[in-house]
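Dear colleague,

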Amino acid sequence: MAKILLSKLKESLISVLPVAAIVLIISFTPLVDLTVTEIVAFAVSAVFLILGIGLFNLGADLAMTPMGEQVGTGLTKSKKVWVLLIVCFVMGVLITIAEPDLSVLAGQVSAVINSTVLIATVGVGVGIFLVLAVVKIVFRKDLSALLMFFYMFLFALCAVLMEEHADFLALAFDSGGVTTGPITVPFIMALGVGISSTIGGRNANENSFGLIALCSIGPMLAVMVLALCSGGEIPFDKLAIYNTVEESLANFGHVVLSTVGSVALALGLVVAFFLILQFTVLKLPKRKLLKIAMGIGYTFFGLVIFLVAVEVGFMPVGFKLGKQIAQFSQPLLIVFGFVLGMVVVLAEPAVHVLNRQVEEVTGGGVKKIEMIIALSAAVGISIGLSLIRMVFHFSILYYLIPGYMISLGLSFFVPKIYTAIAFDSGGVASGPLTSSFILPLVVGACIAVNGSAEMVLTEAFGVVAMVAMTPLITIQALGFKAVMSQKVRNKAMLKRIISADDEQIIYFK
C-alpha cells in the first residue's frame, strides 16, 4: 500500500508543481504585491494539496470506483430495472450533495440564492439525468441524439431567461460544470462501467462513457427553472467577499472543523446508502468491504486536506492575483489566464481518474498523454476566452451556443466513443480547483476592470462553464484525427494492392 501511495503522491506532485511554480514566480515580480504571509501560506498549501490529491486518488481507486462498479453490476444482475433507476436517482442526489466544488460555488453565490436550495436543486437535476443516462445504457440509445435534444431544449430555455433573468445564465452553466468533481466522477464512471459490462453487447465500452455528459445537463436546467421562480433585487456588493489569507489563518480551526463536518456528512450519506444496498442486494464479502472502508478513509482525509489547502492558500491568493494583474495590464491578464489554464487542469483530481479509466477501457486506444494535451489546451483557451469576454463585456452565450453547436456537429463525424469521452472530459476538467482558484481569480479581475462587483455574476461567472465546454471540441478533434489517419492508411493499403504485379497475386479456381 505504501508503494501505491508513493506513486499517487508522485503523480500529484507532477500535477500541482506547474501551478505552484507559476504563481510563486509571478509573486516575485512587480506585477503583483503579495505579502510574505500570503506567499508562505500558498507554498505550504501547495504541499498539502499534493498530499490531499494523492490520498484522494488512492481512496478513489479503493472505494469510490469499486462502489460504483458493484452498485451497477449488482443491480443490473437483479434484472429489476425500476430498482436500478430508483437507486441511481437517490445516489445521484447524494453524491452531488457530497461534491465539494458545488459547495464552494454555492458559498460564493449565497447572497443571490440560498446555498441549501441551490445544492438541493442541483442534486435533483443530477439524479434525474443519471436515471436518463442509465436508461440510455439499458435500452442502448444513441448518446449524440440525446445530447442534441437536451442542449436544444437548454438553449430554448436560455431564450426565455434572457428576458428577465439573464444574470442567472452564467451561474446555471457553471452549476453543470462543478457537479462533476472528485466524488461524482469516480462513482458515476464506475457505475456506467458496471452496468454496461453486465449488459454486454458490442458497444459495451462506448456505453460505459457518457453518464457524466448527461449528468452535467441536469443542473443547468434545474438552476434555470429555479431562476424563473426567483425574484427580487440582487445584492451585488456581497457577491465577491473572499477572506484574506490572514483571516483564513486566524480562523484556521474553524475552517478545518467546518471542512471535516461537511466532508463527513457528505461521504456519510453515500456510505449509509451503500450499506443499505449491501445488506439488501449486493452482499459483498467482508474482504471487499474492508478494502472499500479503507478507501473511504483515504478519500475522507484526502478531501479534507485538499479543501482546507484550497480555502486557506489558493482562493484568497487567486482573488488577489486576478485583481492586481488586471490593474497592471489587461492583455497580460489574458495571457496569464491562458498559461495558468493549461497547467491548472493537471491538478484536478477527477482528471486523473478519467484519464486512467479511458486508457483501461479503450485498451490503450486513447492514450493518456493525448488526453492530457487536449485537456490542457482546451482549458487554457477557455480561461483566455473568458477573460476576453470580461474585458469587452459580452454575453457568455456568444461562446457557449457556437461552441456546443460545433461539439454536437462533430459528434456525427467521429467514433461515438470519442464523443462520449469528450463530453465526460468537459465535466471533469471543471473541478474544485477551477471553482476555488480560477473563479476567484476571474472575480478579482472583474472587480478591477469594472471598478465594482456589479458585473461579477454576469461576467466573472461562466468561466467554469467555458472550462467544461472547450474539451468537447479538442477531445473530439482527436477522434476526427483518428478517423482521417485510418482513411489515409486504408487508401495506402488499397493503392499497394492495386499496384501489385499479377504474379504476386494467387488465383484460386
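About 210 Å³ of space lies in the second largest pocket, where a pocket is an open set of points on a 1 Å grid over the protein atoms alone at which a 1.4 Å probe fits, with protein on both sides within 12 Å along at least five of seven lines, and lining residues have an atom within 4 Å of a point. This is a predicted model, in which local features need pLDDT of at least 70 and side-chain atom pairs count only at pLDDT 80 or more, whereas totals for chains, interfaces and linings use all residues. Residues are numbered from 1 along each chain as its sequence is written, and side-chain values use heavy atoms, with hydrogens and water left out.

Helices H2, H12 and H13 each give at least two residues to the lining of that second pocket, and H13 contributes the most, with 5 residues. Among the lining residues are Val-44, Phe-48, Leu-249 and Val-308, and by class the lining divides into 11 nonpolar, 1 polar and no charged.

The largest pocket has a volume of about 960 Å³. Of the 35 residues that line it, those closest to its centre are Ser-103, Val-104, Gly-107, Ser-258 and Glu-311. The largest share of this lining, 9 residues, comes from H12, and the lining of the largest pocket holds 18 nonpolar, 13 polar and 4 charged residues.

Lastly, Val-47 lies in helix H2 (residues 36–77) and counts as exposed because its relative accessibility is 55%, exposed being over 50% with a 1.4 Å probe and protein chains only.

Best wishes

How values were computed
Helix = DSSP H or I, 4+ residues; strand = E, 2+ residues; numbered from the N terminus. Buried < 20%, exposed > 50% of the residue type's maximum accessible area, 1.4 Å probe, protein only. Points joined across faces, edges and corners; volume = space filled by probe spheres on them. Nonpolar A, V, L, I, M, F, W, Y, C, P; charged D, E, K, R; others polar.
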